[in-house]
Amino acid sequence: MNRIVTLDEFIIQRQKDFPFASGELTGLLRDIGVAAKIVNREVNKAGLVSILGVADGSNTSGDTVQKLDLYANEKLIDCLKNSGECCGIASEENEDFIPIPALADKTSKYVVVFDPLDGSSNIDVNVSVGTIFGIYRRKSDPSGPCTLEDFLQKGTELVAAGYVLYGTSTLLVYTTGRGVNGFTLDPSIGEFCLSHRDIQIPARGHYYSVNQGYYLKFDVEMRRYIDHCSDLNLRLRYIGSMVSDVHRILFQGGIFLYPNTRKYQHGKLRLVYECNPLSFVVEQAGGKSISCQLQRILDIQPETLHQRATIAIGSPEMVDEMKEFVEKYSPAALY
Ligand code: AHG
Ligand code: MN
Ligand code: MN
């Protein structure tokens with residue numbers, strides 16, 4: 001039998017890859033692993049909510065029952081705050097970033113961005129959800145509080161990024177820019193165990209993932225590309241949780257699209273919390289990620305924390321093909 005490698009062990013082993021590492025990043029990744037276990041426990045209980053009672057916002061014992069996305073947000077913030085390993089947090093659930101005061105003998109050089117619960121509309125129906133995170137080195141003076149510029153960095157500046165998928169099993173996948181590794185939570189020992197070493201995305205795949213219900217609201221070049229996917233008899237899969245949809249594509253190959261629609265003229269997904277971290281992971285696994293206007297996602301300069309982006313992410317040959325369709329069929333190319 002292979003020896004089990006836990007997430008903590010693996011992170012510590014990998015610290016040696018960074019000769020001047022102080023252990024802060026290691027600590028941060030471990031904190032995120034702990035928060036993921038706490039959120040996982042709550043996600044697994046979500047189906048019991050109707051038994052325990054939530055109609056008036058409280059359970060039968062009189063405790064207030066929180067919405068799971070807010071609960072996940074609170075737990076991530078608590079874990080990161082208490083450890084003192086980061087100097088600030090920005091979350092999809094908070095309007096502004098949250099500076100974290102330095103602990104007595106510790107100044108931290110990292111900030112963390114996250115989407116605490118992705119695909120939250122799936123919770124009520126027992127379908128997969130996730131957490132997405134990214135870690136940046138701060139730009140501001142370490143002797144003071146963190147500033148907005150620490151969070152508005154391009155994806156190319158990410159030091160680490162990853163996601164947790166609360167699915168049939170719970171999986172944590174992350175990269176520090178040296179490949180992508182996946183860990184499955186073994187509930188019997190409460191540890192994330194290395195289960196997928198050096199993940200590589202297939203060059204092509206049989207899946208495409210897009211909200212086809214918006215087809216008529218997409219630009220003509222995107223409709224052409226979607227028709228092409230259908231002509232190729234690709235299988236359409238759309239869970240409505242970007243983490244879950246991108247996860248399938250990372251492992252089995254394919255393309256995930258969230259183009260601009262009439263309602264979301266700049267796309268729906270958040271550049272800082274969703275697109276950048278997942279793009280870093282997918283690129284590290286050999287994939288590609290571009291906007292539907294053909295800019296590499298990781299090269300986009302964020303102007304605001306909650307900025308949205310369009311995205312086409314997945315197997316490299318399929319993203320290239322989508323690019324060819326845009327180049328060929330966009331109205332700008334036709335006239
Ligand atoms: P969140 O639950 O964090 O708000 O994210 C939901 C996102 C994303 O995960 C998913 O791919 C997309 O919204 C689904 O949007 P549509 O329902 O518009 O397809
Ligand atoms: Mn989300
Ligand atoms: Mn969310």
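Student: How many residues surround ligand 1, and which are the closest?
Tutor: In this predicted model, 17 residues surround ligand 1. The closest are D118, G119, Y238, M242 and Y258.

Student: What makes the approach of G119 to ligand 1 a polar contact?
Tutor: The cut-off is a pair of N or O atoms within 3.5 Å. A polar backbone atom of G119 is 2.8 Å from an oxygen atom of ligand 1, so the pair qualifies.

Student: Which side chains have polar atoms 2.8 Å from an oxygen atom of ligand 1?
Tutor: An N or O atom in the side chain of N211 lies at 2.8 Å, and a polar side-chain atom of K268 is also 2.8 Å from a ligand oxygen. Both values fall within 3.5 Å, so these too are polar contacts.

Student: How much of ligand 1 does the protein bury?
Tutor: Taken alone, the ligand exposes 470 Å², and 83% of that is buried by the protein.

Student: Which elements give two or more residues to the shell around ligand 1?
Tutor: They are β3 (110–118) and β11 (254–258). The most comes from β3, with three residues.

Student: Why is ligand 1 said to lie between domain 1 and domain 2?
Tutor: Domain 1 (7–196) and domain 2 (207–334) both contribute residues to its shell, so the ligand lies between them.

Conventions
Residues numbered from 1 in each chain as written. Chains lettered and ligands numbered in written order. Predicted model: local features only at pLDDT ≥ 70, side-chain atom pairs only at ≥ 80, totals over all residues. Heavy atoms only, no water. Near = heavy atom within 4 Å. Polar contact = N/O pair within 3.5 Å; in protein donor to acceptor, adjacent residues only side chain to side chain. Areas by Shrake-Rupley, 256 points an atom, 1.4 Å probe, with all protein chains shown as cover. Helix = DSSP H or I, 4+ residues; strand = E, 2+ residues; numbered from the N terminus. Domains from an automatic or database assignment.
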